[in-house]
Amino acid sequence: DDQIERERSSQRLSGGCCALAAIYLMGKFYVANAGDSRAIIIRNGEIIPMSREFTPETERQRLQFLAFLRPELLGKEFTHLEFPRRIQPKELGRKMLYRDQNMNGWAYKKIEEDDLKFPLIYGEGKKARVMATIGVTRGLGDHDLKVFSSNIHIKPFLSCFPEVRVYDLTQYEHCPDDVLVLGTDGLWDVTNDKEVAGVVMEVLTSYEPNDPCRYTMVAQELVVRSRGVLKERGWRLANDKLGSGDDISVFVIPLGGPGNYT
């Protein structure tokens, strides 16, 4: 992240990206995630999460705490407090539910002038944004990203530090159908863990256990099914729901060696 910042002028790097990495070392998988990609292990049909997405919702308290400590980052236009909806000027003096960096639940407070500012975190689910700008809270780059029509930088709220989870392969007997799946948010936006596991088992069982192409075909099938088919109303899935409009990158990594089933 520091190198991207140093080279952003010479390399003309103005954007940013999420990062999901899996490293095999001395019998263990280390999975590091900074962003909204996801990794899962499928072992004997069981789904084992190896990451979690970092979004304005999942990191609400970290973001609010930083804004509480350094209110100058909000540029006098935002408030670190969260409300169920935007506050209207006519509601000054009334009581409204809110929560801050110390709260998991909600409480009531009397609405003051500062509460009329735009909230640091606004929206729900995939529509949640930091300062109405970005929907992911960890990653690399974005050093020049600002709130629209302002001089307020978003970068102080975006962390490049990943969360790392460890999986010890020596603790289990793995068969050729046990895999680690890495995917960008384009996959997970429209396909959940259980559906991914279903595709994995469906495709793998159609190939011989010692066929190395079977894992590539699983990744390809996951991409195709998540994108859908182009129709008049856009990309559509088999159930006619909207397909993923984001980039879809998928890796399927076998945990067990080739062999025959007994």
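Predicted model: local features only at pLDDT ≥ 70, side-chain atom pairs only at ≥ 80, totals over all residues.
**Exercise 1.** Work out how helices α4 and α5 are oriented to each other, and which residues make their contact.

*Solution.* Start by finding the helices: α4 covers residues 193-204 and α5 covers residues 213-227. Next, look at their axes, which come within 9 Å and cross at roughly 135°. Angles over 145 degrees would count as roughly antiparallel, and 65 to 115 as roughly perpendicular, with the rest oblique. So α4 and α5 are oblique to each other. The crossing is right-handed.

**Exercise 2.** Describe the largest pocket and what lines it.

*Solution.* First, the space: the largest pocket holds about 520 Å³. Then check the lining, which has 30 residues, with Cys-17, Cys-18, Asp-36, Ser-37 and Asp-185 nearest the centre. Strands giving at least two lining residues each include β1 (16-17), β2 (19-25) and β14 (179-183). Finally, sort the lining by class: eleven nonpolar, nine polar and ten charged residues.

Terms used
Residues numbered from 1 in each chain as written. Heavy atoms only, no water. Axes fitted to C-alpha atoms, helices over the stretch in contact; angles between N-to-C directions. Helix = DSSP H or I, 4+ residues; strand = E, 2+ residues; numbered from the N terminus. Parallel < 35°, antiparallel > 145°, perpendicular 65-115°, else oblique. Left-handed = near helix turned anticlockwise from the far one by under 90°. Contact = heavy atoms within 4.5 Å. 1 Å grid on protein atoms, 1.4 Å probe; cavity = no way out; pocket = protein on both sides within 12 Å on 5 of 7 lines; lining within 4 Å. Points joined across faces, edges and corners; volume = space filled by probe spheres on them. Nonpolar A, V, L, I, M, F, W, Y, C, P; charged D, E, K, R; others polar.
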